[in-house]
Each structure stands twice: as C-alpha cells, then as structure tokens.
Amino acid sequence: MEIKREISQSSFTSVMELIQKCQQNIPERYVLPPFQRPNPSHVDHLSTDLPVIDLSKMNHPALRLQLINEVRAACNQLGFFQVINHGIPTAVMKDALNSAEEFFNLPSDEKTCFASTDVHEPVRYGTSVNHGMDKVFYWRDFIKHYANPISDWIHLWPSNPPTYKEKMGSYAKAVKVLRKQLMEVVFESLGLNANYLYDDIEEGSQVMTVNCYPSCPKPDLALGMPPHTDFGMITILNQTHQGLEIMDHDKKWHPVPFIQGALIVQLGDQLEVISNGRYKSVPHRAVLNVQRKRFSIASLHSMHIEKKVGPAPELVDEQQPVAYREGSFGGFLDYISVKSLSEGKYIDTLRVT
Ligand SMILES: O=C(O)CCC(=O)C(=O)O
Ligand SMILES: [Fe+2]
C-alpha cells in the first residue's frame, strides 16, 4: 500500500497547486472538446421550478401523504429534489464544509499522503482524470472516505485540520439518519413497504466524496465533473455555492439554485433498477466559475458491493415487465444501469430492449 501511494504522489498535480501557477489560462489538458463543454444553449437558465420539498411534513400524519406525492412527482420527473427542514442543523452542515475547505487549503504534502489510484482505498485523495481513449482532466480535487460503519473508518480520515474527524463525522452521522428517512418516503412513493430492503441498506456503504472546485479562469472550456449518474441508491449533497446542473428527460441542463440550509437529493442507478425504471437516476455535472472556489460533500449511499440489485418483484407485472437484467462486465456495476453521457450519447447496457 505504501509503494502505491508513493507512486501516485510523484505524478500528481492537484488543481489547487495549478491555480497558483496559471493566471488567465488553463493547461490544454483541461480544455474539453467543443461538444463536451458546458454549452449555454443547452442550459435552461429560466428554470426556477426545480422541486423543493419540506420534510417537516414527514412527522404530520395529515401531511405525510402530500409529502409522498411530492416525492413521487419529483422522482418521476427528474430523479432529483432539494429538501428543507430535514433535521440537520445548518451549523453541522457548515462545519463539515469548513473542514473540507481547511483540508484543501493545506500544503500539498499533507494531502498527497492520501493519494491513490486504487478506487477501493477507504480514504483516497485525488484530482479528476478520466482515463478513456484520451486522458481528460477535470477542474476538481477530492478526498473520498468510507463512512459506514463509521467506527471502522473514521480513524483513517485526515487528522489535519485537527477538527476534521469530529466535524465531518458529525455530519456523516446526521446524513445517515436523513438517508433512512428519505429511503422510507421514496419506497412508500413507489408503493413499497417503507422498510423495504432495510437490512441490506443499513449494512450497505456510505461513501463521502468531498469535492473542491477552485475558481477557473476559463469556465466555458472546462468542467469540474463530467456528466454522470451516481451508481448507488441515493446521494445527499451539501454545497457552499451554486454549481451543480442536472439533466431532464429532454436532455436540457438545469442549474440547481443554491438554497441556504437545503440539501440536494439525487437518485442513483441502484434505485432506478429497484424501481424497475419508474424512477430514473439523474444525470448531473459540476460547472465552474471565475470568482470563487466551491466545495461540496456528496454522501453516496448504496447497497453492499456484493449485493445483487434487481427490480422489486412488486413493481414487475405484465404491463411493466422486467426492465433490467444482469450485465456481464465482471465488476460491481454488473447489476445496475450503466450509462455513459460523455459523448452526448445515452448508453444503457443493462436495459432489456
Ligand atoms: O459537486 C457537485 O455538485 C457534484 C458532486 C457529484 O456529483 C459527486 O460527487 O458524485
Ligand atoms: Fe455525482
């Protein structure tokens, strides 16, 4: 493990290091081919009606049905919504983001000791590179860490800044409680039992991806994160500023407005499969800006890696036959929808046609 980390450190330039050197331009490797750039003509800047759901209704028997209906509509239309009154104190959310900022502001060697190219490393610091035919770079540094069960992993998280473990840990625990509540309403909105797959989800994984997008002198030419869907059940995102865009069924991009204190909820591929395609995982990307750094914490909740995900039998009938089958890629994505939007194409290898 030591050797692997040393190798990745020596060939590693983070975007945070880079911005100290480049003033007006970005290195060629970050300049995307024209069709992958965040083209404003594909963006619906007028959209103001992305769903915002008030979770306080959850605890009022008379309002719970209304809440379930709102969740169903949002999941059907987009696979995305924001939540307010979700029970996580704003201070806990902010403290976690502040710890993230302090971590990324540290000198390089404090961070590169966590660098690794092994995606299974429980704590992994890196910068975004897409190893396709051509290497493509994205304007993002990140640290990912496992968070479930937190008692097994937290000692591996960064010790600097000194409050990182405590602040990020409190947020991780709070977000796990919220995940449980959200899964209940999402399953109910599908007509399933609120505790559907309860044990599998409890024993599943929670991975926190802490993202740092430095300000970028050429935000029209680059992206912080390319279009993708999250592979898990559900992602809960906490952010410092606006920068996320989601794609609707008409392939229009919608900037997600920043709402102080709100959290973003995105459905992942595993949930799309379980729902037998009634709900779709939401394609999303991170765009950049010239003014300021942006930080986000994505908490990705998924079933255990070995767990085979299939459509809920309750959601399969003559009208809606099985819409997904097992793939044959030999990886943990075998049982979920695999999508590639990188070339504006929508490839869904697991859907039965
Ligand atoms: O930072 C964002 O807005 C998006 C992050 C994201 O999509 C991810 O970490 O999977
Ligand atoms: Fe994502």
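Predicted model: local features only at pLDDT ≥ 70, side-chain atom pairs only at ≥ 80, totals over all residues.

Colleague: Nice. Where is Leu156 found?

Modeller: Leu156 sits in the loop that links α6 (150-153) to α7 (164-189).

Colleague: And which residues is Leu156 in contact with, leaving aside its neighbours within four places in sequence?

Modeller: Those are Pro122 and Val123.

Colleague: What separates the C-alpha atoms of Leu156 and Ala73?

Modeller: The distance between those two C-alpha atoms is 40 Å, and Leu156 and Ala73 are 83 residues apart along the chain.

Colleague: OK, zooming out. How many helices and strands does the protein have?

Modeller: There are nine helices and 14 strands. Of the 353 residues, 41% count as buried. Among contacts with a separation of 6 or more, 78% come from residues 24 or more positions apart.

Colleague: Good to know. Now the ligand: which residues are around ligand 1?

Modeller: The shell consists of Thr209, Asn211, Met225, Asp230, Leu237, Gln239, Gly243, Leu244, His284, Ala286, Ser296 and Ala298. The elements that each supply two or more of these residues are β5 (205-213), β7 (234-239), β11 (284-286) and β12 (294-302).

Colleague: How do the residues of that shell divide into nonpolar, polar and charged?

Modeller: Around ligand 1 you'll find five nonpolar residues, six polar ones and one charged.

Conventions:
Residues numbered from 1 in each chain as written. Chains lettered and ligands numbered in written order. Helix = DSSP H or I, 4+ residues; strand = E, 2+ residues; numbered from the N terminus. Contact = placed C-beta atoms within 7 Å. Buried ≥ 20, exposed ≤ 12 C-beta atoms within 10 Å, placed from the backbone. Near = placed C-beta within 6 Å. Nonpolar A, V, L, I, M, F, W, Y, C, P; charged D, E, K, R; others polar.
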